[in-house]
Amino acid sequence: MFKLPKVILKLMLLGILLFNCSLVMAEVDNSRSLFKTVSIASGQFSQQKYFKILAKPILSSGEFYFDQQLGFLWQTNQPIYSASLLAKGQLYLIDHHRQKQLITGGVTIANILINAVAGDINALASDFTVIEESQIQSNSKERCLKLMPKESNLAQIFSFIRLCANTHKEISQIILFEPSGNRTEITMQLNKEQYLPEDVRVQFQ
Amino acid sequence: MSNSNKIFIAYLSQLLIVITFGLYLLIVNDWQFQTNLLSLLPKSESQTADKQINALFGQASLLQAQDALFGDNDKKIIIALSLKEQPLQQPTLKKPSSQNTSIQQVENEGLYAAHQALVNEVGYLASVEIAQKHSPTINEIASFYAPYKDNFISESYRNNLNQPQALQSLMLAQLTQVANPFVSATLEISPRLALADYLQNAVKVLAEGEESHGMIKFSYQNKAYYLTSLILTMDSFSVKNSQILAANLQTIFKKVADDFSVDLIYSGVLFHTAESSKQAEHEISTFGFLSLIAIVLLVLFVFRSMSPLLISMLVLLLATFYGFVGVLLFFNELHLLTLVFAVTLIGIVIDYCFHGFVSIESSPTLGSIIKPLLLGFFTTALGYSALMFSPLPLLSQVAVFILFGLCGALSFVLVVLPMLNAKQKINAIQVHSSVKSMVNILIDKQTQLTRFRGKVFLVSALLLLLSLFVKTPHFNDDIRLLNSSPQWLIEQEKRIAQVTGYQNNQRIILRAKTSQALLEKQELVIKHLKANQAQLTIKSIADLLPSLKQQKASHQQIEQAQINNKFDLGLNLMGLTDPVTAFNGLDYPTFLQGPLSQLTELYFKPVWLNKNHKIFVSWLAITESSLESSGLNKKNLDWIAQQPQVDIYNRVKDFSSTLSQYRQSILNLLMIAFLLVAVILFALYRFKQGVLGLMAIVFSALGALIISHWLLGYLNIFNLLAVLLILALAIDYVIFYQEQGTKVSTVLAVTLSAFSSALVFGMLAFSITPAVQSFGITVMLGIVFIFILAPLCINKR
């Protein structure tokens with residue numbers, strides 16, 4: 001029987017390992033390249049919240065604005081007004097009476113949402129393990145990523161997140177899966193902007 | 001056997017007893033050095049707790065409540081990591097967002113790695129550990145509250161209970177939030193979402209920062225700080241251990257900050273203790289060493305012989321030992337500041353030695369100075385004995401140390417010194433002729449000045465009155481006078497308080513006999529405070545555990561709203577029902593078994609005042625969000641002042657207030673002391689001489705205080721303590737001059753004493769600790785004045 005010298009066997013093993021690593025790295029790099037990162041944008045969204053206990057999803061819609069340098073505004077208009085505003089590192093909730101209150105402890109989730117909407121996979125990779133999913137629908141040209149939370153406190157809120165991009169590599173859909181079995185599907189129409197409207201910029205001051 | 005031999009044997013016997021007992025106390029007995037500044041303040045109320053059976057809510061229980069709620073804070077260390085500030089000269093380039101976030105990500109990874117390295121390094125230290133915080137999951141919290149789901153409604157929910165449309169809006173607002181884990185966890189339990197709304201609000205109020213990679217993240221002035229807490233597992237106020245541990249931790253902190261290029265600041269009582277004790281040790285050794293050197297040189301110069309020096313050293317050693325024994329006899333701990341003030345023993349003890357040395361040549365048995373020495377000692381003892389019974393431990397310790405020390409010194413000088421001289425066990429002690437010449441010159445000056453003593457005293461009196469008129473002295477009783485922590489440590493402490501929001505935080509302590517009574521009291525106080533100041537944020541356990549009374553009321557409101565079909569609009573939207581269950585109250589013992597029990601331990605706990613009596617204590621953390629105001633307004637403060645068992649917690653203010661009371665006590669004590677001195681002087685030397693002596697003493701003390709006030713800008717309790725010492729020394733000088741006139745031996749002894757004391761106390765004026773500095777300046781000035789004025793009160797006949 002032909003026996004390979006041990007040294008050569010070890011070298012082969014090392015080579016295989018390195019090759020696999022490079023494949024994984026390439027895959028992650030490829031994943032990130034599926035999405036175009038946007039720094040200033042606005043858009044509209046429609047949201048369907050599926051609760052296990054409810055027969056039908058809860059529907060809502062609204063608009064969003066973000067500027068990576070200034071902040072983020074997620075405004076629900078239907079069926080009832082509410083808004084989440086992230087500015088200067090602080091998160092505020094504005095209710096349907098237009099009363100604004102500071103929220104302690106929600107900044108992380110707000111940042112996750114911003115990074116997801118902006119398509120910033122690099123930023124998301126610090127909190128999530130990024131896995132490319134095979135194309136969900138053979139007719140769809142959408143490409144999706146699966147984000148698995150690394151930390152237990154995030155895992156309490158999301159079991160995983162699915163991010164999908166359209167043919168222009170812009171985020172078109174975010175699906176948040178919860179450990180309870182509930183999920184939130186957000187479909188978005190994103191418009192890249194040079195500047196946000198003044199009335200929105202004022203809210204970030 | 002001659003009398004002198006009998007006396008000597010008696011002295012040796014007591015010395016043997018003192019040494020044996022002292023060694024026992026030092027070696028066998030359990031005692032410790034104490035460096036905690038707050039331990040200097042009175043504990044008398046807690047000692048009388050047993051007597052307050054009918055007064056469960058006296059001052060004792062408040063002190064115990066404070067200790068129970070906040071005592072462990074002294075064992076905590078907080079470390080804050082943050083990214084390094086960018087240098088200002090670098091222009092901020094607008095990079096593509098992906099590169100920005102990549103850089104941010106790399107920097108954050110550095111912070112997380114720094115934290116991990118910190119945790120690993122701290123793990124190797126025996127006396128400290130990472131504070132473990134168990135954060136229950138939202139599902140655990142929801143499951144725990146499920147049996148009581150209809151007992152909890154938030155204020156906004158309650159206000160809308162009669163409005164079906166508003167309730168529907170509230171429910172919709174909850175349901176349409178992108179991610180609301182409370183809704184997900186409680187929708188099946190309580191579809192009307194009252195519980196989700198309540199828990200969300202309660203947790204939001206109590207949340208301190210956000211958990212991130214094992215740290216708690218805070219944002220302050222657009223900068224993110226990641227906090228980690230450590231807990232000491234040893235007594236944080238043991239001097240040696242605190243210094244070693246502080247040094248080890250500081251080494252670790254520096255290494256982590258340098259290795260990972262992060263900013264790292266920290267706070268904790270441990271570091272203040274270490275720095276203060278290092279400073280105190282440095283001052284004790286420096287001042288003590290320099291004082292000794294100065295006195296050694298003085299003795300050598302005057303006597304040109306080693307004998308007085310060696311005897312002085314022996315007397316000092318004995319006096320110090322006697323002082324230790326005295327303190328350990330009455331206290332089981334010795335405070336570091338006691339030692340700092342006890343340095344003054346050197347100056348006083350050396351007085352006795354000088355009187356003995358200069359008189360022994362002409363009076364081998366020291367018969368000529370027995371009376372003035374004893375009179376001086378008893379007068380000093382009288383003054384210090386009042387301090388012994390002071391509730392301020394520092395004063396008591398200093399008084400005991402000084403008295404026992406002086407006792408030891410005096411007995412040696414009067415008994416042993418003549419014996420040694422008679423048996424020629426020591427070389428003959430003689431004053432060098434050059435020194436005698438100098439003293440004679442000084443005596444001439446004093447004699448000349450004595451001719452004008454009337455004018456001198458008159459001018460002094462006028463100057464003093466004018467000074468008092470121009471600038472009336474005022475007192476500063478801030479407890480921080482005792483603090484000698486370095487500025488950088490104070491700045492770090494302040495920054496961490498700002499980051500965590502505790503800087504503008506007020507605390508209110510509440511007490512009650514039962515847990516339910518306390519919960520109800522909390523609700524009453526919170527309701528009243530918020531009615532007067534709507535912007536207040538109040539953190540307490542009341543957010544998670546309302547009283548049974550409140551729960552019952554909420555349950556009834558829910559029940560009534562259900563009966564009136566107020567929830568139908570909202571519930572129909574979801575196609576769900578939510579029947580109201582029978583009332584089942586959540587009480588404190590049950591709450592302790594739940595997932596939030598760790599939180600209760602922070603805010604709410606039982607305290608055993610003694611083995612038979614228990615009360616419950618809690619605290620409210622209050623912040624005011626308006627930039628124009630800080631804390632509770634006057635109306636709220638006045639209301640709190642009228643509420644029984646509701647107290648504002650302000651440690652600095654409380655202790656400063658206590659210090660102020662003791663300052664007043666000492667002031668009264670001084671009045672009594674001066675009165676006693678006057679009586680003694682009049683009794684001994686009749687009216688005229690009595691008045692002269694009294695004026696010399698009083699003017700010296702007043703002059704020292706007034707000039708100290710000019711130099712420092714204020715007076716404090718330690719200036720008054722110095723006056724007590726001035727009084728003791730001044731009495732000695734005045735009595736010696738009254739008894740012996742301006743004899744060479746008297747003038748020389750007093751001059752040597754004044755010089756040595758001025759040197760010793762003058763050094764204390766350079767202390768970094770404001771308290772010690774105040775003491776040193778006043779005593780030095782007082783000695784200078786009494787040195788000038790004391791000879792003026794001699795009896796010219």
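1. Ground rules. Because this is a predicted model, local features need pLDDT of at least 70 and side-chain atom pairs count only at pLDDT 80 or more, while totals for chains, interfaces and linings use all residues. Residues are numbered from 1 along each chain as its sequence is written, chains are lettered from A and ligands numbered from 1 in the order in which they are written, and side-chain values use heavy atoms, with hydrogens and water left out.

2. Chain A at a glance. Chain A has five helices and eleven strands; helices (H or I, at least four residues) and strands (E, at least two) are DSSP runs, numbered from the N terminus. Of its 205 residues, 44% are buried, where buried means under 20% relative accessible area, exposed over 50%, and partly exposed in between (1.4 Å probe, protein chains only). The accessible surface of chain A is about 10,900 Å², with 55% of that on carbon and sulfur atoms; these areas come from the Shrake-Rupley method with a 1.4 Å probe, and for residues only the protein chains shown count as cover.

3. Contacts in chain A. If you take contacts (heavy atoms within 4.5 Å) with a separation of 6 or more in chain A, 43% of them are between residues 24 or more positions apart.

4. Where the two chains meet. Together the chains bury about 3,400 Å², 56% of it on carbon and sulfur atoms; that is the accessible area (1.4 Å probe) the two parts lose on being put together, summed over both. Between the chains there are zero salt bridges, a salt bridge being a side-chain nitrogen of Lys or Arg within 4 Å of a carboxyl oxygen of Asp or Glu.

5. The nonpolar cores. A nonpolar core here is a set of buried Ala, Val, Leu, Ile, Met, Phe, Trp, Tyr and Cys residues joined through side-chain atoms within 4.5 Å. The largest one has 132 residues, and F303(B), I697(B), F761(B) and F775(B) touch the most other members. Helix α26 of chain B (residues 651-712) gives the most to this core, with 20 residues. A second, separate core of 74 residues includes L187(B), L545(B), W619(B) and L632(B). As for I697(B), its contacts beyond four places in sequence include F674(B), L727(B) and I786(B).

6. In one of them, R162(A) pairs with E133(A), with the closest N and O atoms 2.8 Å apart. R162(A) sits in strand β9 (160-165) and E133(A) in strand β7 (128-133), so the pair ties together parts that are 29 residues apart in sequence. Both residues are buried.

7. Two salt bridges in chain B. K149(B) and D578(B) also come to 2.8 Å, N to O. The two lie in loops 429 residues apart: K149(B) between α5 and α6, D578(B) between α22 and α23. Both are buried. Compare D258(B) and K254(B), a salt bridge at 2.8 Å within helix α10 (239-260), four residues or about one turn apart. D258(B) counts as partly exposed because its relative accessibility is 48%, and K254(B) counts as exposed because its value is 55%.

8. Two buried spots worth a look. G376(B), in helix α15 (367-388), has a relative accessible area of 0% and is therefore buried. Beyond its sequence neighbours within four places, G376(B) is in contact with I731(B), D732(B) and I735(B). S540(B), in the loop between β10 and α21, is likewise buried at 0%. A polar atom of the S540(B) side chain lies 3.0 Å from the backbone nitrogen of A542(B). Leaving out residues up to four places away, S540(B) touches several residues, among them L206(B), Y603(B) and W619(B).

Key:
A polar contact is a pair of N or O atoms within 3.5 Å; within protein, one must be able to donate a hydrogen and the other to accept it, and residues adjacent in sequence count only if both atoms are side-chain atoms.
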